[in-house]
Amino acid sequence: MTQSIDQLIERAQESLNANHWVNAELQFNSILENRLDDLSRLQKANIYNNLGDINLKLIDSEKAEYHMNLAIQFHEEAGIPNKMDYSHALQNMGLLLLELTEFDQAKNYIKKGVEIAQEVGDKLEIVNARSKLARLYEESGHYVLAYDIFSENHDSLLELGDELSDDFAEVCSHMGRMLLRNGRPTEAESFIQKSTEIYSKLGSGFDVERAESMESLGMFYEQLGRYSEAERILLEVLAIKRAIPDEADVLILATLNDLGILYRDLGNFEKAEEMFQEVVNKSRETIGVDHPMYATAINNLALTDISNGNFIQAQSLLLESLQIYENKYGKNHPLSAHTLNNLAHVERRLGNYELAETYYKRVLKLDEMIYGKLHPDYATTLLNIGVLKSVQGRGEEAVSYYLESIDIRLTVLGEDHPSYASALEKMGMHFLGINNLSQAELYFRWALEIQIRKVRTVFPILTESERELFYLTIKEDIERYNYIAFSLLEDRPEFVKHIFDFNISTKAILFNSANRIKDKIERGDEELKSLHRDWKREKRLLTNYYAMGTQELEANHIDLSRTEQRVQNIEKQLVFKLEDFKGMLVGDNENWQGVQDQINPNEAVVEIIRIREFKAFKSEKGIVYGFTDFTQYLAIIFTENTIEGPEYVILGDDYKTEDVWYARYRNSFLYGIDQMETFNMLWKPVHDKIGNVKEVKVSPDGIFYKMNPNAFSLPNGEFLIEKYYVSYLTSCKDLFRDDVESYRNRTFLFGNPAFSRLAQNNSLKLAELKGAEYEINSVSKLLEDKGWNPKTYLNDRASESSLRSSFNATILHVATHGFFGDEANFLNSTNRETNPLFRSGLFLANASDTYNSYLDGHAQISDNDGVLTAYEAMNLDLSKTKLVILSACESGLGDIRNGEGVFGLQRAFMVAGARNLIISFAKVDDAATGKLMISFYENLLQTEAIGQSLRDAQLKLKESYPDPKIWGAFMLIGNG
């Protein structure tokens with residue numbers, strides 16, 4: 001049956017209302033092609049108007065203009081029988097011209113549409129028409145005027161009782177955006193939330209509008225530094241937009257751009273750059289290089305280049321972006337001003353100070369004209385001018401700009417906002433540059449207090465890699481403050497409390513966040529635990545893929561990037577579920593007073609802090625700031641007598657490089673060279689302060705991560721171990737960590753793996769460890785005699801898969817060869833990751849066979865390849881493990897990342913959950929190691945005191961092996 005014209009139009013309209021724009025376009029065009037003669041002029045006008053609206057949504061401006069002109073023409077030819085339909089056509093033409101940034105022409109059409117709506121007298125239609133006029137002002141940068149109109153419309157809709165309509169939602173959304181633009185973010189939230197709620201209630205037909213409103217909410221949270229909420233919302237917006245049929249590319253590009261901004265603020269510059277580059281590439285393909293979104297994307301890419309020091313490339317991108325904005329919007333638009341500000345920054349970094357100042361002053365006038373003085377953008381420009389004045393040595397002028405910027409940011413954004421902290425830090429840098437360390441310390445301290453509070457909110461929502469990137473954004477700020485406060489300690493000894501509090505908040509924060517998140521998961525529901533198991537399984541699979549060459553991956557049709565993305569997606573789900581743990585990373589009592597409360601009689605706690613020298617150098621282009629290669633060490637000491645605050649001592653006689661410090665220690669430890677001088681320099685000040693204690697717990701830093709103070713020679717010929725025993729903490733946070741509820745007597749012992757099935761295939765030249773086998777058998781016998789039920793794995797059974805299955809042991813003991821660095825070249829060459837946790841590990845059964853397969857060009861995909869890297873060890877389940885013993889040479893070595901410890905086996909097993917770890921810093925005789933371990937277990941089974949048992953075993957071994965590099969090679973890490 002032939003359908004009537006009205007039925008055909010109704011069906012096409014249904015597709016349009018459902019956002020099926022391509023289908024709607026086909027249906028309307030079909031009507032025009034097949035039933036044109038049956039249409040009235042008014043029907044033609046409305047069909048062409050709808051087609052123009054569809055073309056506008058699909059970013060086809062040429063077709064949109066053609067159809068809208070026809071719509072207006074047919075309305076006028078028909079004598080304008082329906083004034084509101086004619087008004088709608090005029091308004092749509094105005095919106096099209098607005099998209100084309102033809103602001104004057106757009107204003108003419110929209111104003112005429114408003115006038116006709118006012119003639120008709122329908123209040124709701126008048127509000128809708130005026131909303132389009134407000135959008136015009138919004139796009140052209142007249143934010144205050146736009147807000148005033150939206151505000152009037154908001155009140156009018158309330159009077160009409162229309163507060164649950166899409167019209168009211170649209171007005172609320174724009175009011176929120178304008179409040180954000182006008183520097184009033186706290187007022188914006190309720191309007192944007194209201195808009196989002198209304199669109200949600202209206203259903204899927206308003207998914208586009210809901211997504212846009214949600215995106216505004218996400219950027220609101222981003223501006224306030226509430227990154228968790230921002231990321232969650234923006235990712236949801238992206239998913240909504242991608243699910244909408246025929247969604248315009250430009251709207252998805254806008255969300256990708258906003259996500260890039262968020263990741264940049266989180267310090268994940270690589271991911272941010274990927275987002276911006278994707279926007280650039282897709283803009284070229286879909287909307288063209290003259291579109292404002294393309295200009296925005298290359299602007300953001302330029303900021304990435306600035307961060308990387310690529311100023312010439314940044315300059316080129318910014319000039320291109322500025323040209324596009326000025327062509328589209330004119331020279332007085334906010335986007336043009338923002339780009340000019342970035343360009344001024346580049347010129348400053350290039351040393352073109354006069355040009356930079358000219359740009360900045362022009363931007364300042366634009367900011368005042370667009371926003372007024374009480375606005376974050378105006379404050380940013382003031383701050384930038386202040387930095388320029390500082391670099392030029394015009395100090396008094398600089399301070400006035402800094403102070404005004406700080407005052408505005410505090411008033412508008414509040415005392416916890418990252419931008420306020422940034423302004424304080426810039427002022428601190430100025431005072432540092434003129435050698436006013438007291439004022440520099442004050443401003444840096446205020447800034448760091450804000451950043452520490454930010455850490456508490458940001459870390460829970462980040463993945464492992466994102467946490468590391470974010471930590472890098474504050475690490476240098478901490479180190480810079482340490483240097484300044486350290487330089488002032490002689491006159492202001494109380495600053496040592498600030499140094500300690502900042503460092504306990506951030507030292508080993510990556511390690512502690514991983515540990516505490518794992519603890520949280522252990523106490524979570526089954527869904528959370530299942531998700532965690534999925535993540536670990538995918539990570540293990542990814543590790544195996546990393547060991548394969550490109551050809552092997554292609555031959556097995558393995559998409560490495562897809563696996564990496566899958567791991568990241570699962571981890572993101574995990575952290576979103578774990579977001580509710582406020583205070584998890586930095587407890588309220590984790591400060592110097594809290595540590596003092598933890599001190600036991602006859603005990604001392606020592607926090608070692610590596611102080612990097614930070615200097616301001618004057619050059620032809622102004623003042624240059626930076627860290628040098630020289631370091632010194634500060635030891636902060638707690639005993640039962642330091643009630644009013646910790647004491648401190650300085651280790652080392654002057655600033656020296658890390659290589660010099662460590663060479664002195666190694667020469668003393670390994671070869672007995674300058675033993676007393678080394679002791680005097682690196683430990684004696686601590687020794688003299690702690691008094692007659694029996695135990696010293698040290699939170700190390702720098703070279704101390706790879707040295708054992710117990711082996712220091714004392715002036716009377718004794719060794720330090722004979723006076724008291726030193727053990728290491730991962731950080732002073734360990735003092736607050738609850739002991740593990742372990743499965744008592746559950747022990748797994750591994751030793752003397754069969755590295756190859758055939759002796760002649762032992763390509764890694766790994767010596768057989770008969771002493772390790774004797775060690776394991778002897779320890780097993782001791783445990784059995786005390787009623788324990790140890791499980792032993794020797795030779796072929798000492799495999800990687802067996803080690804993986806020994807989860808939650810009370811004690812896990814592994815006696816084998818360890819590796820670090822060059823000894824694992826074949827791992828480095830097959831692994832595209834730069835993670836240092838891949839460069840250290842343990843060799844287990846069949847390790848040489850794995851190496852032989854590699855030499856033959858065959859990589860293995862296996863959880864049982866005989867090579868347990870530190871990266872893999874992190875994923876072992878040791879959450880209830882009291883003690884791990886790595887009876888392997890140099891198991892304590894790895895890459896030092898100051899403030900985070902040694903990225904090697906010791907870190908890996910602690911992240912896996914072990915509460916205590918015994919490791920070695922040197923190559924040790926097989927027989928001597930066996931004697932030490934047997935003696936240790938004999939003591940442990942009697943006392944259950946790990947630290948005391950190891951000390952007594954080392955003292956006993958010292959009787960047979962006086963050389964400190966033998967008995968002093970092993971160290972306890974953990975809180976006992």
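Here is a short chat about a few residues in this predicted model.

Biologist: Hi! What kind of model are we looking at?
Modeller: Hello! This one is a predicted model.

Biologist: Thanks. Which residues gather in a patch of negative charge on the surface?
Modeller: That patch brings together Glu62, Glu65, Glu102 and Asp104.

Biologist: Let me pick Glu65. Where does Glu65 lie?
Modeller: You'll find Glu65 in helix 4, which covers residues 61-77.

Biologist: Good, new topic. Where is Thr642?
Modeller: Thr642 sits in the loop between strand 2 (622-638) and strand 3 (647-657).

Biologist: Is Thr642 buried or exposed there?
Modeller: Thr642 is buried, because its relative accessible area is 4%, and buried means under 20%.

Biologist: So what does the side chain of Thr642 make a polar contact with?
Modeller: The partner is the side chain of Gln596, at 2.7 Å. The Thr642 side chain also reaches the backbone oxygen of Thr639, at 2.9 Å.

Biologist: Nice. One last stop: which helix holds Ala314?
Modeller: Ala314 belongs to helix 16, residues 311-329.

Biologist: Buried or exposed, that Ala314?
Modeller: Ala314 counts as buried, with a relative accessibility of 0%.

Biologist: And how far apart are Ala314 and Ala302 in space?
Modeller: From C-alpha to C-alpha, Ala314 and Ala302 are 4.3 Å apart, while in sequence they are twelve residues apart.

Notes
Residues numbered from 1 in each chain as written. Predicted model: local features only at pLDDT ≥ 70, side-chain atom pairs only at ≥ 80, totals over all residues. Heavy atoms only, no water. Patch = residues over 30% accessible without salt bridge, like charges linked within 9 Å, V, L, I, M, F, W, Y side chains within 5 Å. Areas by Shrake-Rupley, 256 points an atom, 1.4 Å probe, with all protein chains shown as cover. Salt bridge = Lys/Arg side-chain N within 4 Å of Asp/Glu carboxyl O. Lys, Arg positive; Asp, Glu negative; His and termini not counted. Charge placed at Lys NZ, Arg CZ, Asp CG, Glu CD. Helix = DSSP H or I, 4+ residues; strand = E, 2+ residues; numbered from the N terminus. Buried < 20%, exposed > 50% of the residue type's maximum accessible area, 1.4 Å probe, protein only. Polar contact = N/O pair within 3.5 Å; in protein donor to acceptor, adjacent residues only side chain to side chain.
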